[in-house]
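Subject: Handover of a structure and its findings

Dear colleague,

Please find below the structure that I am handing over to you. My notes on it follow directly after.

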Amino acid sequence: MKNAIEVKNLTKEFAQIKAVSNMTFSVKKGSIHGFLGPNGSGKSTTMKMICGLLVPSAGEIFVGGLKLETHFDQLKRRIGFLPENPPLYQSMLVGDYIKFVAGIRGVPSSKVKERVETILVQCGLEKVRDRRIGNLSLGYTQKVGVAQALVHDPEVVLLDEPTRGLDPEAVDEMRKLIKELKGERTLLLSSHLLNEVQNLCSEITIIKEGQVIQNGPLSEIRSLFQQQRVFKAEVRSFNEEVYQAFELKFGDVLNLDYEKKKELEREEYFLNLKMPKSSDYRSEVCNFLVEKNCGLLSFSEESIGVEEIFRLATAKDVLKESVLKESLL
Amino acid sequence: MNFLRGIALTTKKELSDYFGSPLIYILAGLFNAIVGWLFFNYLVDAKNLTLLNLSHSVLIPLFGNINFLFLFLIPLLSMKLFSEEKKFQTLDLLFLSHLSQTQIIFSKFLAGLLISLFILSWTMVFPMILGFSGYNDWGLVVSSYLGLVLSIITYLWVGLFCSSLTENPIISALTTFCFLLGMMLMVLTVNATHIEILNTFFQYLSSPFHYESFSRGSIKNYNLVYICSFSLFFYFLTSKSLESRRW
């Protein structure tokens, strides 16, 4: 698969302060790529450089194989950008604003009306088309921001914190909208809501202090950070005798702890199992629990969340991938 | 994108912003009330209502005062042109659009000019009143209006540049006003210096000196050179100021 965005050794200095330092990463065409990092790590600066609003101090950016520096006018047409604060004219009506943006973004006069209608429907803005932007709720304001980024039908869309400050319902709607865009376009999505990134993105880039710490498919990064496999099991009965038998059989390779909980007047036990990444004892463990008449209710693997990956990756003194790997081994 | 279509789109949006705000109506009302009051006073003070007297006692001082009033008006009209775009980050939207920087600057300038001309147009009623009473020196009236328009153009370029420097419209208005006042006070420097070359230099830089030629009805080619070079210089500064956002 071709890369839609390629960033090579990108550096941006503001008055001798390096906001972005030697950053290299790529975004595959047609993917939704998560861009993560703590506050002030350089996410917004990088996004502004990718869409050409800021000139890099050093390094190169390629969008669709073309160098941004030399093909900026051509690439402007192919990039849509929703900044952290959407660029909205508060006094304008939603419909008029989208029409204005379509006009200045080069949509041919004959197609403006049709394009505006399409984008209003796509972003769920038909109901508010005659309302002033300044009077809209935060959810609708963000949707108008997304609409302006999409109105000229760009190939690459950069969304900087699209769900910032939204209530859960609005977050859900925004997530649905972003999912709908998948496949048609390449999306680079920066977000603080890690759960959202986990649900939407197939690839992520984690940055800290202007440097890339991790870049690649989420599954690969997850396996890198996952030191051991963790399983959760629910059983009807469990006691010290069974625990001792378990320890005798699997004690060398598996680590087990359990706790008793009352669920709807009945006792249940929650087992927490940890096994090495390289081995698979799932069927043996299940057979053991069945043999001992524990009443196995559920058995599932707990995979490491993006939140945990983010916490590990952005932990203090962890900047380089090599250092990170060493610390995990 | 077609150069003129781009300018027309943005100018139209700017004009609807101007007319959608009460500020423009308040400023236009106040301005014309002051000019009307001045006109009435000059007319009362004029002892002999002859053609020559009407020009020198009423119209020339009236146009001079209109020019002076625009010194206060233009900073208020131009203060939001770029500063508010910077404040609400809508300038990024314009930069990412198909509009070139020149189109963006000229559309803002054109919107400011049209709105200033809208306010100025109401003052035409005063020469017309005199016209109904037999006044017929229209050459002086046309020349004075031309002088006023060219003055407004120079003031607007300063306002546009100052607005591109800050996100705060108040700071933009104050900076423009200080700059324009400084330019007007240059006349005092001209009077204070006895060195011929300096005298001529400051005189040339001072905007009222050029306006005076128009108000007397004697337009010189260097007056037009001044307006053109002044506009180009401030266009260049505005352009550089906007470009610096990307650095």
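Across the interface of chain A and chain B of this predicted model, eight residue pairs are in polar contact, both partners being at pLDDT 80 or more. A polar contact here is a pair of N or O atoms within 3.5 Å; within protein, one must be able to donate a hydrogen and the other to accept it, and residues adjacent in sequence count only if both atoms are side-chain atoms. The number of salt bridges across this interface is zero, a salt bridge being a side-chain nitrogen of Lys or Arg within 4 Å of a carboxyl oxygen of Asp or Glu.

Two conventions apply throughout. Residues are numbered from 1 along each chain as its sequence is written, while chains are lettered from A and ligands numbered from 1 in the order in which they are written. Local features need pLDDT of at least 70, side-chain atom pairs count only at pLDDT 80 or more, and totals for chains, interfaces and linings use all residues, with side-chain values resting on heavy atoms and hydrogens and water left out.

The interface

Chain A brings 30 residues to the contact and chain B brings 21, where contact means heavy atoms within 4.5 Å. The size of an interface is often given as the accessible area lost when the parts come together. Here the buried area (accessible area, 1.4 Å probe, that the two parts lose on being put together, summed over both) is about 2400 Å², and carbon and sulfur atoms give 59% of it. Of the area that chain A buries against chain B, A:Leu53, A:Tyr89 and A:Ile104 supply 28%, more than any other three residues.

The pockets

How many residues line the largest pocket? The lining holds 32 residues, and A:Ser91, A:Met92, B:Lys13, B:Ser16 and B:Asp17 lie nearest the centre. A pocket is an open set of points on a 1 Å grid over the protein atoms alone, where a 1.4 Å probe fits, with protein on both sides within 12 Å along at least five of seven lines; lining residues have an atom within 4 Å of a point. The volume of the largest pocket is about 910 Å³, a volume being the space filled by probe spheres set on the points, which are joined across faces, edges and corners.

Helix H1 of chain B gives the largest share of this lining, eight residues. Helices (H or I, at least four residues) and strands (E, at least two) are DSSP runs, numbered from the N terminus. By class, the lining of the largest pocket has 14 nonpolar, seven polar and eleven charged residues. Ala, Val, Leu, Ile, Met, Phe, Trp, Tyr, Cys and Pro count as nonpolar, Asp, Glu, Lys and Arg as charged, and the others, Gly among them, as polar.

The second largest pocket holds about 340 Å³ of space. Its lining has 15 residues, with A:Phe72, A:Asp73, A:Lys76, B:Leu99 and B:Gln101 closest to the centre.

Over all chains the count comes to 19 salt bridges. One of them joins the side chains of A:Glu155 and A:Arg78 (3.2 Å, N to O). These two residues are 77 residues apart and link distant parts of the chain.

B:Asn199 is found in helix H10 (residues 196–205) of chain B. Leaving aside neighbours within four places in sequence, B:Asn199 is in contact with B:Val190 and B:Thr193.

Yours sincerely
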